Amino acid sequence: MKGFSKMAYPYIVWMVIMIILPMLMIVFYAFSKSGNDVLTFQFTFQNFVRFFEDSVFPNVLWRSLKMAVATTVICIALGYPCGYIIAKLKGNNQAIMILLITLPMWINMLVRTYAWRGLLGYVELSSEARVYVGMVYNFLPFMILEIYTALSKIDPALLVAARDLGANDFQAFLKVTLPLSLSGVVSGITLVFLPAVSSFFIPKLLGGGQYVLIGNLIEDYFITSGDWNFGSAISFIMAIIILISMYVTRKLDRTAKEDEI
Amino acid sequence: MEKKTKLHEKIYLILILFFFYLPIFYVVFFSFNSSKSLTRFTGFSLQWYEKMFSNRTIIEAIGYTVACAVIATIVSTIVGTITAIGLSKSNRIVREMVSQVNNLPMLNPDIVTAIGFMLFFTSLRIQTGFTTMVLAHIAFCIPYVMLSIMPKLRSLDPNIAEAALDLGCTPIQALWKVIIPQIKEGIIAGALVAFTMSFDDFVISLFTTGPGVNNISIYVYSSVKRINPTINALSALIVYVITIVLIIINVVPMIKERRGKRNEQIS
């Protein structure tokens with residue numbers, strides 16, 4: 001049986017080549033002078049200095065973060081009640097609702113975002129508001145599904161117990177349901193915040209090109225202007241910020257769980 | 001009071017569904033428009049469908065998307081299954097290490113994974129195109145396949161495979177006749193995830209493909225700068241195909257179940 005463990009070896013090699021090496025390439029490019037090659041490597045902080053020197057880049061970064069946080073908050077505000085109502089439905093209706101919510105997710109995100117263009121033609125909205133519509137539209141289903149999953153796992157006996165012990169509906173919700181569903185909210189945050197920060201086709205398709213987020217910058221530097229070193233530095237900064245925010249979110253989730261106990 | 005709450009809860013759910021389905025119905029409706037307008041319906045016509053089917057770039061994009069998804073699904077399912085089984089017999093450190101590295105493409109934003117591939121391929125002087133796109137798809141699909149197989153393997157009783165070996169099975173037979181059938185559900189789920197991930201992918205494809213090779217997403221992205229109602233027809237086509245597939249997936253088991261019950265009653 002031990003011999004079976006050899007079956008994992010080829011993938012370990014593949015993983016080093018196809019996952020670790022590409023990630024290292026980004027770091028390598030971010031810290032080297034433009035026009036450089038793997039062979040003629042010259043270490044530099046220049047790309048990072050350039051990013052923070054000009055207020056344009058930090059402003060775009062700040063706007064993307066604000067937008068991602070706001071999108072996440074809107075998705076929680078709209079998605080929590082939705083997940084809550086679905087979790088209270090009868091078994092069969094629950095399955096139908098979840099199917100109805102997952103159905104559109106099977107259709108390509110780009111196609112669904114494109115679909116909003118015609119619809120938004122009827123209303124006068126700022127490009128920022130249009131981008132928000134696209135973001136919430138694309139990421140809300142993830143939030144609903146995560147919150148619903150967490151809520152449907154809660155043992156109904158706990159709520160009965162809370163009521164028997166004298167809690168009213170609101171108190172039972174606040175002290176039992178809400179804390180137990182927080183893990184769903186946290187995984188929902190991961191699924192919404194992460195793609196929202198880095199999204200570049202939603203602002204491009206709905207913002208009409210005037211609304212630039214950090215993802216658009218990365219795309220421009222890689223595809224249009226071909227300045228890969230600076231583009232890598234921007235991605236590196238974004239990846240670090242995302243890592244930190246994910247770490248903080250997980251930490252909050254953990255402290256919330258410890259408080260329960 | 002309870003009834004009243006229920007009514008506004010129902011209204012809320014309907015509004016959410018309305019929000020989700022409105023743009024989809026809108027695009028399907030306007031794919032039959034006789035004019036170029038995206039806001040005024042001037043009359044019924046099938047011209048955008050005709051234009052779509054006579055557009056070679058669109059047909060090619062559909063072909064590339066399907067071919068890439070099929071290859072990526074087959075390869076990533078096979079490799080993912082083999083690796084997952086191997087890892088379940090490896091020591092904890094190796095297992096932990098692999099799952100940590102696998103997390104990278106799953107937790108990183110797509111665009112970061114995508115530019116990593118792009119830099120990697122171009123640094124190796126590999127001409128980007130269909131092959132690099134497929135390689136990248138395989139690479140980001142395998143972790144998801146493994147993720148859906150590993151829990152099944154963890155709940156397996158290792159003694160059963162041992163027993164098969166003791167009873168004279170070769171390791172390959174033990175694998176094929178004992179382990180694989182027990183984790184079949186995980187493998188199928190993993191393959192489905194891989195297929196949808198690959199089929200719907202835009203970001204990674206955009207950065208790893210080369211000149212002349214577009215998938216559906218890239219085509220849509222690159223052609224929406226101008227008003228182009230053939231995109232409506234293409235979007236509508238995708239909606240039709242997915243609706244039909246999902247109906248089949250959901251209805252066929254129901255019919256089978258009913259038939260099974262009927263057969264039971266007869267016998």
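This is a predicted model: local features need pLDDT of at least 70, side-chain atom pairs count only at pLDDT 80 or more; totals for chains, interfaces and linings use all residues.
Local features are reported only at pLDDT of at least 70 and side-chain atom pairs only at pLDDT 80 or more, whereas totals for chains, interfaces and linings use all residues. Residues are numbered from 1 along each chain as its sequence is written, and chains are lettered from A in the order in which they are written.

The model scores ipTM 0.87 and pTM 0.87. Among the elements of chain B, the highest mean pLDDT, 95, belongs to α3(B), and the lowest, 81, to α12(B).

Chain A contains eleven helices and zero strands. Helices (H or I, at least four residues) and strands (E, at least two) are DSSP runs, numbered from the N terminus. The C-alpha atoms of chain A fill a box of roughly 75 × 65 × 35 Å along the principal axes. Of the 261 residues in chain A, 41% are buried. A residue is buried if 20 or more other C-beta atoms lie within 10 Å of its own, exposed if 12 or fewer, and partly exposed in between, with C-beta atoms placed from the backbone. Two residues are in contact if their C-beta atoms, placed in this way, lie within 7 Å. Among contacts in chain A between residues at least 6 apart in sequence, 72% join residues at least 24 apart.

Between the chains, 59 residues of chain B are in contact with 60 residues of chain A. On the chain B side, α1(B) gives the most, with 13 residues. The residues of this side divide into 44 nonpolar, ten polar and five charged. Here Ala, Val, Leu, Ile, Met, Phe, Trp, Tyr, Cys and Pro count as nonpolar, Asp, Glu, Lys and Arg as charged, and the others, Gly among them, as polar.

A nonpolar core is a set of buried Ala, Val, Leu, Ile, Met, Phe, Trp, Tyr and Cys residues joined through C-beta atoms within 7 Å. The largest such core has 134 residues, of which F139(A), I234(A), A114(B), I115(B) and F207(B) touch the most other members. Helix α6 (residues 127-152) of chain A gives the most to this core, with 14 residues.

I115(B) is one of the buried residues of α5(B). Leaving aside neighbours within four places in sequence, the contacts of I115(B) include I26(A), F222(A) and S235(A), as well as F207(B). Helix α5(B) has 14 residues and reaches 20 Å from its first C-alpha to its last, close to the expected 20 Å; the expected span is 1.5 Å times one less than the number of residues. Twelve of the 14 residues of α5(B) are buried, so this helix is largely enclosed by the rest of the structure. Just after α5(B), R125(B) takes a positive phi of about 60°.

S205(B) lies in helix α10 (residues 203-208) of chain B and counts as buried because 27 C-beta neighbours lie inside 10 Å. Not counting residues up to four places away in sequence, S205(B) touches M133(B), N215(B), S217(B) and I218(B). S217(B) and I218(B) are among the buried residues of α11(B), a helix that is mostly covered, with six of its eight residues buried.

Key
pLDDT is the predictor's confidence in each residue, from 0 to 100.
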